[in-house]
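Open the model in your viewer and keep the sequence panel beside it. The stops below go from the whole chain to single residues.

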Amino acid sequence: MTSTVADIIGVMEKVAPSGLAETWDNPGLQVGSIDWPVKRVMVALDPSLEVLENAVKESADMLITHHPLIFKPIKSVDVGTSVGHIIELAIRNRLSIFSAHTNLDSAADGLNDILVSHIGLENVSVLDVNKSMTSSATEEANGLGRIGDLPFKTDLASLCRYLKQALHLESIRMIGAPEFPVSRVAVCCGSGSSLLDRFFASGAQVFITGDVRYHDARSTEEKELALIDIGHFNSEHLVVKSLSSRLTRLLQTLNPDISVHACDVERDPFIVL
(Lines give C-alpha, C1' and ligand atoms only; values in the text may rest on other atoms or scores of the structure.)
Protein backbone atom coordinates (compact mmCIF):
# COMPACT_ATOMS: atom_id res chain seq x y z
CA MET A 1 0.00 0.00 0.00
CA THR A 2 1.39 3.39 -1.01
CA SER A 3 0.32 6.53 0.85
CA THR A 4 0.87 10.06 -0.37
CA VAL A 5 1.41 13.52 1.07
CA ALA A 6 -2.31 14.13 0.50
CA ASP A 7 -3.16 11.19 2.78
CA ILE A 8 -0.97 12.56 5.58
CA ILE A 9 -2.47 16.03 5.14
CA GLY A 10 -5.91 14.46 5.51
CA VAL A 11 -4.89 13.04 8.88
CA MET A 12 -3.35 16.36 9.96
CA GLU A 13 -6.58 18.13 9.00
CA LYS A 14 -8.30 16.07 11.70
CA VAL A 15 -5.58 16.89 14.23
CA ALA A 16 -5.40 20.61 13.40
CA PRO A 17 -8.17 21.79 11.04
CA SER A 18 -6.85 24.49 8.72
CA GLY A 19 -9.97 26.57 9.40
CA LEU A 20 -8.65 27.27 12.90
CA ALA A 21 -5.60 29.16 11.61
CA GLU A 22 -5.33 32.91 12.20
CA THR A 23 -5.89 35.06 9.10
CA TRP A 24 -2.26 36.23 9.04
CA ASP A 25 -0.89 32.69 9.19
CA ASN A 26 0.32 30.42 6.38
CA PRO A 27 0.00 26.77 7.44
CA GLY A 28 -0.28 23.84 5.06
CA LEU A 29 1.95 22.42 2.34
CA GLN A 30 5.03 24.63 2.02
CA VAL A 31 7.17 22.63 -0.43
CA GLY A 32 6.54 19.53 -2.50
CA SER A 33 3.56 17.78 -4.06
CA ILE A 34 0.45 16.19 -2.60
CA ASP A 35 1.10 13.27 -4.97
CA TRP A 36 4.55 12.39 -3.64
CA PRO A 37 4.67 9.01 -1.85
CA VAL A 38 5.32 8.90 1.89
CA LYS A 39 6.83 6.06 3.91
CA ARG A 40 8.72 8.02 6.55
CA VAL A 41 7.53 11.19 8.36
CA MET A 42 9.62 13.45 10.58
CA VAL A 43 8.16 15.97 13.05
CA ALA A 44 10.01 19.12 14.18
CA LEU A 45 9.35 22.57 15.56
CA ASP A 46 11.19 24.57 12.89
CA PRO A 47 11.98 23.94 9.21
CA SER A 48 15.60 25.03 9.76
CA LEU A 49 18.49 23.95 7.58
CA GLU A 50 19.75 21.71 10.39
CA VAL A 51 16.36 20.00 10.58
CA LEU A 52 16.14 19.62 6.78
CA GLU A 53 19.59 18.07 6.61
CA ASN A 54 18.64 15.68 9.41
CA ALA A 55 15.40 14.74 7.62
CA VAL A 56 17.34 14.00 4.43
CA LYS A 57 19.90 11.98 6.38
CA GLU A 58 17.09 9.94 7.94
CA SER A 59 15.46 9.38 4.51
CA ALA A 60 12.24 11.16 5.46
CA ASP A 61 9.68 11.72 2.72
CA MET A 62 7.68 14.37 4.60
CA LEU A 63 8.63 16.89 7.25
CA ILE A 64 5.84 18.24 9.47
CA THR A 65 6.75 21.37 11.42
CA HIS A 66 4.91 23.74 13.71
CA HIS A 67 6.41 26.94 12.31
CA PRO A 68 5.89 27.51 8.56
CA LEU A 69 8.86 27.88 6.25
CA ILE A 70 7.05 30.61 4.29
CA PHE A 71 5.08 33.28 6.18
CA LYS A 72 4.88 35.96 3.51
CA PRO A 73 4.91 35.66 -0.31
CA ILE A 74 8.42 35.34 -1.71
CA LYS A 75 9.38 37.04 -4.97
CA SER A 76 12.04 34.57 -5.99
CA VAL A 77 13.65 31.29 -4.99
CA ASP A 78 17.29 32.28 -4.64
CA VAL A 79 19.21 29.19 -3.52
CA GLY A 80 21.83 31.51 -2.08
CA THR A 81 19.37 32.53 0.63
CA SER A 82 18.45 30.40 3.63
CA VAL A 83 14.85 29.79 2.51
CA GLY A 84 15.86 29.22 -1.10
CA HIS A 85 18.51 26.69 -0.10
CA ILE A 86 16.01 24.82 2.10
CA ILE A 87 13.49 24.72 -0.77
CA GLU A 88 16.19 23.46 -3.15
CA LEU A 89 17.29 20.78 -0.68
CA ALA A 90 13.71 19.63 -0.11
CA ILE A 91 12.80 19.40 -3.79
CA ARG A 92 16.06 17.74 -4.77
CA ASN A 93 15.39 15.02 -2.18
CA ARG A 94 11.62 14.86 -2.85
CA LEU A 95 10.98 15.85 0.76
CA SER A 96 7.64 17.59 1.25
CA ILE A 97 7.38 20.23 3.99
CA PHE A 98 4.07 20.80 5.76
CA SER A 99 3.24 23.03 8.71
CA ALA A 100 0.44 23.22 11.27
CA HIS A 101 0.87 26.51 13.11
CA THR A 102 -1.87 28.58 14.78
CA ASN A 103 -4.40 25.91 13.81
CA LEU A 104 -2.42 23.45 15.96
CA ASP A 105 -2.21 26.06 18.72
CA SER A 106 -5.99 26.47 18.73
CA ALA A 107 -7.10 22.88 18.17
CA ALA A 108 -8.48 20.75 20.97
CA ASP A 109 -5.65 18.45 22.14
CA GLY A 110 -3.27 20.74 20.28
CA LEU A 111 -0.21 22.59 21.48
CA ASN A 112 -1.86 24.63 24.22
CA ASP A 113 -3.51 21.53 25.66
CA ILE A 114 -0.17 19.71 25.52
CA LEU A 115 1.40 22.51 27.57
CA VAL A 116 -1.51 22.44 30.02
CA SER A 117 -1.12 18.68 30.52
CA HIS A 118 2.56 19.09 31.36
CA ILE A 119 1.73 21.78 33.91
CA GLY A 120 -1.12 19.70 35.34
CA LEU A 121 -3.94 22.26 35.24
CA GLU A 122 -7.50 21.24 36.11
CA ASN A 123 -10.92 22.60 35.05
CA VAL A 124 -9.38 23.83 31.79
CA SER A 125 -11.16 26.07 29.29
CA VAL A 126 -10.12 28.15 26.25
CA LEU A 127 -8.79 31.65 26.94
CA ASP A 128 -9.72 33.11 23.52
CA VAL A 129 -12.37 30.99 21.75
CA ASN A 130 -11.98 30.64 17.97
CA LYS A 131 -15.26 31.63 16.32
CA SER A 132 -14.18 30.98 12.74
CA MET A 133 -14.71 27.23 12.82
CA THR A 134 -17.73 26.13 10.79
CA SER A 135 -17.90 22.43 11.45
CA SER A 136 -19.44 19.97 13.86
CA ALA A 137 -16.54 20.58 16.26
CA THR A 138 -17.51 22.27 19.49
CA GLU A 139 -16.36 25.88 19.21
CA GLU A 140 -15.59 26.15 22.92
CA ALA A 141 -12.91 23.44 22.59
CA ASN A 142 -10.90 25.46 20.05
CA GLY A 143 -9.02 28.72 20.44
CA LEU A 144 -5.80 30.34 21.54
CA GLY A 145 -4.56 29.96 25.09
CA ARG A 146 -6.01 28.03 28.00
CA ILE A 147 -7.01 28.82 31.58
CA GLY A 148 -7.25 26.42 34.49
CA ASP A 149 -6.68 25.74 38.17
CA LEU A 150 -3.51 24.47 39.77
CA PRO A 151 -4.03 21.23 41.73
CA PHE A 152 -2.31 22.90 44.70
CA LYS A 153 -2.10 26.32 46.35
CA THR A 154 1.26 28.00 45.98
CA ASP A 155 3.10 31.27 45.45
CA LEU A 156 4.75 32.69 42.35
CA ALA A 157 8.32 31.70 43.21
CA SER A 158 7.30 28.16 44.13
CA LEU A 159 5.31 27.85 40.90
CA CYS A 160 8.40 28.89 38.94
CA ARG A 161 10.46 26.21 40.66
CA TYR A 162 7.73 23.67 39.90
CA LEU A 163 7.66 24.68 36.22
CA LYS A 164 11.44 24.41 35.92
CA GLN A 165 11.20 20.81 37.09
CA ALA A 166 8.02 19.85 35.21
CA LEU A 167 9.17 21.35 31.89
CA HIS A 168 12.89 20.65 32.32
CA LEU A 169 13.85 24.32 32.08
CA GLU A 170 17.32 25.71 32.72
CA SER A 171 16.02 29.21 33.41
CA ILE A 172 12.79 31.12 33.83
CA ARG A 173 11.70 34.77 34.07
CA MET A 174 8.95 36.01 36.34
CA ILE A 175 7.17 39.33 36.83
CA GLY A 176 5.58 39.77 40.23
CA ALA A 177 6.38 39.42 43.91
CA PRO A 178 7.88 36.00 44.81
CA GLU A 179 5.31 35.54 47.59
CA PHE A 180 2.33 36.46 45.34
CA PRO A 181 -0.34 33.74 45.87
CA VAL A 182 -1.47 31.91 42.73
CA SER A 183 -4.11 29.25 42.14
CA ARG A 184 -5.63 30.02 38.74
CA VAL A 185 -3.38 30.13 35.68
CA ALA A 186 -3.65 31.31 32.07
CA VAL A 187 -1.25 29.87 29.49
CA CYS A 188 -0.39 30.49 25.85
CA CYS A 189 2.32 28.63 23.94
CA GLY A 190 4.77 30.69 21.89
CA SER A 191 4.31 34.46 22.05
CA GLY A 192 1.24 35.27 24.11
CA SER A 193 1.34 39.07 24.25
CA SER A 194 -1.73 39.37 22.02
CA LEU A 195 -3.76 37.63 24.74
CA LEU A 196 -2.61 39.87 27.58
CA ASP A 197 -5.96 41.69 27.84
CA ARG A 198 -7.74 38.32 27.84
CA PHE A 199 -5.55 37.29 30.74
CA PHE A 200 -6.30 40.50 32.63
CA ALA A 201 -10.04 39.83 32.32
CA SER A 202 -9.85 36.08 33.00
CA GLY A 203 -9.59 35.97 36.78
CA ALA A 204 -6.25 34.16 36.63
CA GLN A 205 -3.43 35.47 38.81
CA VAL A 206 -0.56 34.49 36.51
CA PHE A 207 0.02 34.15 32.76
CA ILE A 208 2.54 31.55 31.55
CA THR A 209 3.84 32.19 28.03
CA GLY A 210 6.95 33.12 26.05
CA ASP A 211 8.54 36.22 24.50
CA VAL A 212 7.28 38.57 27.24
CA ARG A 213 8.02 42.18 26.32
CA TYR A 214 9.08 44.95 28.68
CA HIS A 215 5.86 46.96 28.38
CA ASP A 216 3.78 43.80 28.87
CA ALA A 217 5.65 43.28 32.13
CA ARG A 218 4.92 46.84 33.23
CA SER A 219 1.24 46.52 32.30
CA THR A 220 1.01 43.33 34.35
CA GLU A 221 2.62 45.05 37.35
CA GLU A 222 0.05 47.85 37.11
CA LYS A 223 -2.74 45.24 37.24
CA GLU A 224 -1.06 43.67 40.31
CA LEU A 225 -0.88 40.33 38.51
CA ALA A 226 2.02 38.05 37.51
CA LEU A 227 3.74 36.77 34.37
CA ILE A 228 6.03 33.80 33.86
CA ASP A 229 8.14 33.67 30.70
CA ILE A 230 9.24 30.09 29.98
CA GLY A 231 10.56 30.96 26.51
CA HIS A 232 9.11 30.48 23.05
CA PHE A 233 11.06 27.30 22.29
CA ASN A 234 10.36 25.63 25.64
CA SER A 235 6.64 26.36 25.45
CA GLU A 236 6.31 24.79 21.98
CA HIS A 237 8.97 22.12 21.55
CA LEU A 238 6.76 19.82 23.64
CA VAL A 239 4.68 19.30 20.49
CA VAL A 240 7.38 17.32 18.68
CA LYS A 241 7.22 14.11 20.71
CA SER A 242 3.50 14.46 21.40
CA LEU A 243 2.52 14.93 17.74
CA SER A 244 4.88 12.14 16.66
CA SER A 245 3.18 9.70 19.03
CA ARG A 246 -0.28 10.84 17.99
CA LEU A 247 0.47 10.53 14.28
CA THR A 248 1.94 7.08 14.83
CA ARG A 249 -1.38 5.95 16.32
CA LEU A 250 -3.54 7.63 13.68
CA LEU A 251 -1.48 6.46 10.71
CA GLN A 252 -1.62 2.82 11.83
CA THR A 253 -5.18 2.66 10.55
CA LEU A 254 -4.22 4.41 7.29
CA ASN A 255 -1.03 2.52 6.51
CA PRO A 256 0.93 0.56 9.13
CA ASP A 257 4.04 0.75 6.93
CA ILE A 258 4.42 4.51 7.55
CA SER A 259 6.87 5.38 10.31
CA VAL A 260 6.90 8.67 12.25
CA HIS A 261 9.99 10.06 13.97
CA ALA A 262 10.59 13.02 16.28
CA CYS A 263 13.49 15.22 15.19
CA ASP A 264 16.11 15.20 17.94
CA VAL A 265 18.59 17.83 16.73
CA GLU A 266 16.71 21.02 17.67
CA ARG A 267 17.92 23.25 20.49
CA ASP A 268 16.75 26.56 21.97
CA PRO A 269 18.66 29.32 20.08
CA PHE A 270 19.00 31.29 23.34
CA ILE A 271 21.90 30.39 25.59
CA VAL A 272 21.75 31.52 29.22
CA LEU A 273 25.15 32.19 30.80
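## Whole chain

Begin by selecting the charged side chains: the 23 positive and 35 negative charges of the chain have mean positions 1 Å apart. Lys and Arg are counted as positive and Asp and Glu as negative, with His and the chain ends not counted; each charge is placed at NZ of Lys, CZ of Arg, CG of Asp or CD of Glu.

This is a predicted model, in which local features need pLDDT of at least 70 and side-chain atom pairs count only at pLDDT 80 or more, while totals for chains, interfaces and linings use all residues. Residues are numbered from 1 along each chain as its sequence is written, and side-chain values use heavy atoms, with hydrogens and water left out.

Helices (H or I, at least four residues) and strands (E, at least two) are DSSP runs, numbered from the N terminus. Along the principal axes, the C-alpha atoms fill a box of roughly 55 × 45 × 35 Å.

Colour by accessibility next: 48% of the 273 residues count as buried (buried is under 20% relative accessible area, exposed over 50%, partly exposed in between; 1.4 Å probe, protein chains only). The accessible surface is about 13500 Å², and carbon and sulfur atoms hold 52% of this area (Shrake-Rupley method, 1.4 Å probe; for residues, only the protein chains shown count as cover).

With contacts displayed (heavy atoms within 4.5 Å), residues 24 or more positions apart make up 66% of those with a separation of 6 or more.

Select D109, in the loop between α4 (102-106) and α5. Phi of D109 is positive, near 65 degrees, in a residue other than glycine. Most residues other than glycine have a negative phi. D109 is exposed, at 55% relative accessibility.

Move on to α5, residues 111-119, where the buried residues are L111, N112, I114, L115, V116 and I119. G120 follows α5 and has a positive phi, near 90 degrees.

Next, select N123 in strand β7 (residues 122-129). Phi of N123 is also a positive value, near 50 degrees, in a residue other than glycine. N123 is exposed, with a relative accessible area of 58%.

## Across to L150

L150 sits in strand β8 (residues 143-155) and is buried, at 8% relative accessibility. Which residues does L150 touch, not counting those up to four places away in sequence? Show I119, L121, L159, V182, S183 and V185. Of this set, I119 is one of the buried residues of α5.

## The cysteine pair

A disulfide is a pair of cysteine sulfur atoms within 2.5 Å, and by this rule the count is zero. Select C188, which is in no disulfide; the nearest cysteine sulfur, that of C189, is 5.3 Å away. C188 is buried, with a relative accessible area of 5%. C189 is likewise in no disulfide, its nearest cysteine sulfur being that of C188. C189 is buried, with a relative accessible area of 4%.
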